[in-house]
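Q: Could you walk me through one part of this fold up close, starting from a hairpin and working out to whatever packs around it?

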Amino acid sequence: MPKSRWALCGLKPKVPAVYTAEMLVDVTAEVIANTPLSSDYNVLALRAPAIAVAAAPGQFVMVKATTSHDPLLRRPFSVFEVLRDRAGTRVGISLLNKRIGPSTELLYAAQPGRPIVCLGPLGRPFTIVDPPTEAWMVAGGVGLAPFAMLAETLRARGVRTTLFYGARRAAELFYLDFFQELGVSLVLTTEDGSIGEAGRVVAPLDRHLAARDRHEPVMLYACGPEGMLAATATLAIRRGRPCQVSVERVMGCGTGGCYSCVVPMRGDNGAFHHVRACLAGPVLPGDQILWD
Ligand SMILES: Cc1cc2nc3c(=O)[nH]c(=O)nc-3n(C[C@H](O)[C@H](O)[C@H](O)COP(=O)(O)OP(=O)(O)OC[C@H]3O[C@@H](n4cnc5c(N)ncnc54)[C@H](O)[C@@H]3O)c2cc1C
Ligand code: FES
């Protein structure tokens with residue numbers, strides 16, 4: 001059994017999140033703004049100071065997009081941005097929403113003033129590195145969502161940060177100016193070749209990893225479709241780099257009660273077990289997930 005990449009960089013998977021009534025904030029957040037990015041994507045700004053104050057990069061909220069019973073269950077969304085007023089006080093959060101079903105359809109159409117119920121922040125956030133370790137974020141599609149806040153946090157610590165970002169076409173790559181203004185280097189790919197390199201984002205990632213001196217520390221952070229996460233985690237193992245992945249699972253409750261979100265994992269001793277992604281994750285060590 002190879003030594004865990006987390007152990008190699010001095011990090012360890014954390015114990016699952018445990019919530020108490022005092023820690024869980026369930027708020028009715030007013031929509032401040034709804035910014036369409038494309039025919040499928042939008043950014044929803046929500047007034048939710050209590051969640052904004054507590055949120056860390058990689059955490060998520062469980063959102064009820066309607067006051068009716070359809071859809072009945074809340075859906076998980078990464079905290080995209082923390083919104084601040086002019087004095088710098090955290091007043092809200094935004095969500096990067098991709099329309100794929102009933103809840104995301106409602107969030108795509110939500111008008112300012114509308115109440116959206118949010119529970120959070122939930123789950124285990126990313127472990128943040130410090131210089132001289134570099135941060136390489138790997139995003140596929142709506143997997144960009146946890147990286148705006150992560151990039152702000154990393155850059156505030158002076159960490160050199162690169163975003164490997166892949167989408168189907170140029171029109172589905174969002175917030176590039178935002179990342180550039182933070183000083184994040186961009187490596188872009190599109191499946192149709194309309195911008196950046198044609199193909200999948202793991203191809204340039206592999207080349208960059210291969211070209212990097214083994215003694216220069218790099219932490220990988222990945223979020224996106226499961227195939228991309230598996231490929232990134234496999235590359236990281238092959239290149240001897242630690243990799244934190246934010247897994248997307250169907251989540252019925254977000255708080256550990258329904259077991260809809262289990263992920264098969266291998267412990268440091270090789271023993272096989274399942275964890276609930278909403279409590280032990282969504283951020284998990286890529287080299288300990290059983291991807292098949
Ligand atoms: C921790 C976490 C953070 C997330 N963050 C975001 C985010 O920031 N923005 C965003 O747009 N989406 C995000 N998602 C995904 C989002 O929660 C789901 O797409 C949600 O189910 C959509 O709800 P819906 O009612 O519109 O569609 P649903 O009816 O719930 O789903 C439509 C279809 O997608 C499938 N599906 C549902 N959830 C998932 C999933 N997790 N993975 C793969 N297939 C799924 C369903 O089986 C169904 O076929 C996140 C998921 C997780 C677990
Ligand atoms: S979503 Fe219910 S246990 Fe994880």
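A: Strand E5 (residues 81–84) runs antiparallel to strand E6 (residues 90–98), and four bridges join the pair. Keep in mind that this is a predicted model. Across the pairing, Arg 84 sits opposite Arg 90 of E6. Five residues lie between the two strands of this hairpin, and Gly 88 has a positive phi near 90°.

Both strands also meet helix H4. The buried residues of H4 pack against E5 and E6, and also against strand E8 (134–140), strand E9 (161–167), helix H5 (176–182) and strand E12 (218–223). Which residues of H4 (residues 147–156) are buried? They are Phe 147, Ala 148, Met 149, Leu 150, Ala 151 and Leu 154. Just past the end of H4 there's another glycine to look at: Gly 158, with a positive phi of about 80°.

Now for the nonpolar cores. The largest one has 35 residues, and the members touching the most others are Leu 205, Leu 220, Val 245, Val 247, Val 263, Leu 284 and Ile 289. Helix H7 (residues 226–239) supplies the largest share of this core, six residues. Apart from it lies another core, of 31 residues, including Ala 145, Ala 151, Met 219 and Cys 223. Setting aside neighbours within four places in sequence, Leu 220 contacts Trp 136, Leu 205, Leu 209, Thr 232, Ala 236, Pro 242, Cys 243 and Gln 244.

Methods. Residues are numbered from 1 along each chain as its sequence is written. Chains are lettered from A and ligands numbered from 1 in the order in which they are written. This is a predicted model: local features need pLDDT of at least 70, side-chain atom pairs count only at pLDDT 80 or more; totals for chains, interfaces and linings use all residues. Side-chain values use heavy atoms; hydrogens and water are left out. Two strands pair if DSSP finds at least two bridges between them. A nonpolar core is a set of buried Ala, Val, Leu, Ile, Met, Phe, Trp, Tyr and Cys residues joined through side-chain atoms within 4.5 Å. Buried means under 20% relative accessible area, exposed over 50%, partly exposed in between (1.4 Å probe, protein chains only). Contact means heavy atoms within 4.5 Å.
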